[in-house]
Amino acid sequence: MSDELIQKKVRALYAQLTGEISLPCSLHINGAGNLPSYYPVTPLITASVALSGMALSRLLALRHGGHETVTVDRRLASLWCKTSIRPEGWEIPPAWDSLAGDYATADGWIRLHTNAPAHRKVVETLLGKAQSREALAQRVIMWKKAELEQAVVQAGGCAAQMLSPDQWQQHIQGKSLHNEPLFQRSLTPAAMLPQCALSREKPLAGIKVLDLTRIIAGPVATRFLAGLGADVLRIDPFGWDETSQEADVTLGKHCARLNLHNPQDRHRFEELLRDADVIVHGYRAGALHKLGYGSEQRRAIAPGLVDVCLNAYGWSGPWRERRGFDSLVQMSCGIAEQGMKLSGSNKPVPLPVQALDHTTGYLMVAAVLQGLAQRVETGQGSEFRLSLARTARELMENGASAASDEPLIGSAEQADFSTEAEITVWGNARRLLAPVWLENTSLQWDLPASPLGSSPAGWRSM
């Protein structure tokens, strides 16, 4: 029954992406099991991966004719949402800051996100320096959840009070999502066609992808595009680090740094953008505009650009510029509250993985591939907007329910990994096998993962 749910969900996603009600090719689903959740996490993740495969099959058909069958492994798709890499003799730093997490308040629960030093500083400025979660908890309990959320957000930090699904539906931001499509799309004037062969071996060879994304959805998307042969250049500001994520999400990319407040670096950025076929970015709504690189400016610099962006809480309503992460959106929209309620727990119960991030990442891949198909067919560029909160609505559309009787997907096993070592600067590692493939096309990464800022700001193919 779960495979039928996946097939149905893929058709629904494909219709939202393309407007077409029938899939362009056959879909095979391998593997078994579900991640432990009260929501259909594995079916949605698998369907989003399958959608990327469908969009690729459609793109390749424009050059080769016929549509290749898409095969997705639901187990592997789920495991990639945990971590895709297994170090050999070295360790990946912890994913969470020591103060990050859920805290009881005077009238409920709140999640404080302190992974970035600036966000931790906001919390400690409001609540006082804390050496441990236990010490911080004694101060949080004195606050009402809505008041603390507002105080943290207004000070430039990240927090989310726990709401129920009904409360979110009545919330002004929850209401604003009712009219937002999963893929907000607009077309731009035609430009010169992209220089790519669309080979089955490396479909995106010759395609330049400018990656302005951070934890986690955007980097997942650009990692996938790198696996299709795209030249992916990730740009970060100086001082930004993601040590717990680098080994997982920088696979196949070059990673550089630029200061977009510096005239020389701005000039370099504009040169890179002018040569780009695709830009993927995850800055808050309006952030690039404030730097002088709003959507109109991007189109002027790079006509025909495929422009795909995401934010946390959607593109309308008062929270469109709010900072947010997967774990915060789960608290806001009711996922954590439903997990708590159905499990009988006395604290919030989130999804077993950052499923909103990973699902949205694969949806972004599908948007890029759909945009490239548009370029090949008509020469037009396109802009797509997605959000974690809108993806959450897709997950929650049928409500939560007791866990199914299908086997649970636990930790990755040796057979889930490639037999070839990935040689990184940190040490050797094994990478999970790809979760999706076509009859004549598979994901292949030419570059190992690398630290942020480890490469010059230039295209490989130049």
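How are H1 and H16 oriented to each other? I will answer that in a moment, after a word on conventions. What you have above is a predicted model, in which local features need pLDDT of at least 70 and side-chain atom pairs count only at pLDDT 80 or more, while totals for chains, interfaces and linings use all residues. Residues are numbered from 1 along each chain as its sequence is written, and side-chain values use heavy atoms, with hydrogens and water left out.

Let me take the helices now. Helices (H or I, at least four residues) and strands (E, at least two) are DSSP runs, numbered from the N terminus. Helix H1, residues 2–18, packs with helix H16, residues 355–378, at an angle of about 45°, and their axes are 11 Å apart. For such values, axes are lines fitted to C-alpha atoms, for helices over the stretch in contact, and angles run from 0 to 180 degrees between N-to-C directions. H1 and H16 are therefore oblique to each other, given that angles under 35 degrees count as roughly parallel, over 145 as roughly antiparallel, 65 to 115 as roughly perpendicular and the rest as oblique. The crossing of H1 and H16 is right-handed, where a crossing is left-handed if the near helix is turned anticlockwise from the far one by less than a right angle, and right-handed if clockwise. Leu13, Leu17 and Thr18 of H1 make the contact with Leu363, Ala366, Ala367 and Gln370 of H16, contact meaning heavy atoms within 4.5 Å.

Helix H14 (residues 326–333) and helix H17 (residues 388–396) cross at roughly 55°, and their axes come within 10 Å. H14 and H17 are therefore oblique to each other, and their crossing is right-handed. On the H14 side the contact is made by Asp326, Val329 and Cys333, and on the H17 side by Leu388, Ala389, Ala392 and Met396.

Strand E11, residues 278–281, runs parallel to strand E8, residues 208–212, with four bridges joining them, and Leu210 has Ile279 in E11 as its bridge partner. E11 also pairs in the parallel sense with strand E12, residues 306–311, over four bridges, and here Val280 stands opposite Val308. Where do the side chains of E11 point? Val278 and Val280 point one way, Ile279 and His281 point the other way, and all are buried, where buried means under 20% relative accessible area, exposed over 50%, and partly exposed in between (1.4 Å probe, protein chains only). In a regular strand the side chains alternate between the two faces of the sheet.

There are also antiparallel arrangements to show you. Three bridges join E3 to strand E15, residues 428–431, and Pro87 stands opposite Ala429 in E15.

Two backbone details deserve a careful look. Most residues other than glycine have a negative phi, and most peptide bonds are trans. Leu198, in the loop between strand E7 (184–190) and E8, has a positive phi of about 55° although it is not a glycine, and Leu198 is buried, with a relative accessible area of 2%. A cis peptide bond, with omega about -15°, joins Ile215 and Ile216, and Ile216 is in the loop between E8 and helix H9 (217–227).

Last, the cysteines. How many disulfides are there? The count comes to zero, a disulfide being a pair of cysteine sulfur atoms within 2.5 Å. The sulfur of Cys25 has its closest cysteine sulfur in Cys196, at 19 Å, which is too far for a bond. Cys25 is buried at a relative accessible area of 13%, and Cys196 also counts as buried, at 13% relative accessibility.

Conventions. Two strands pair if DSSP finds at least two bridges between them.
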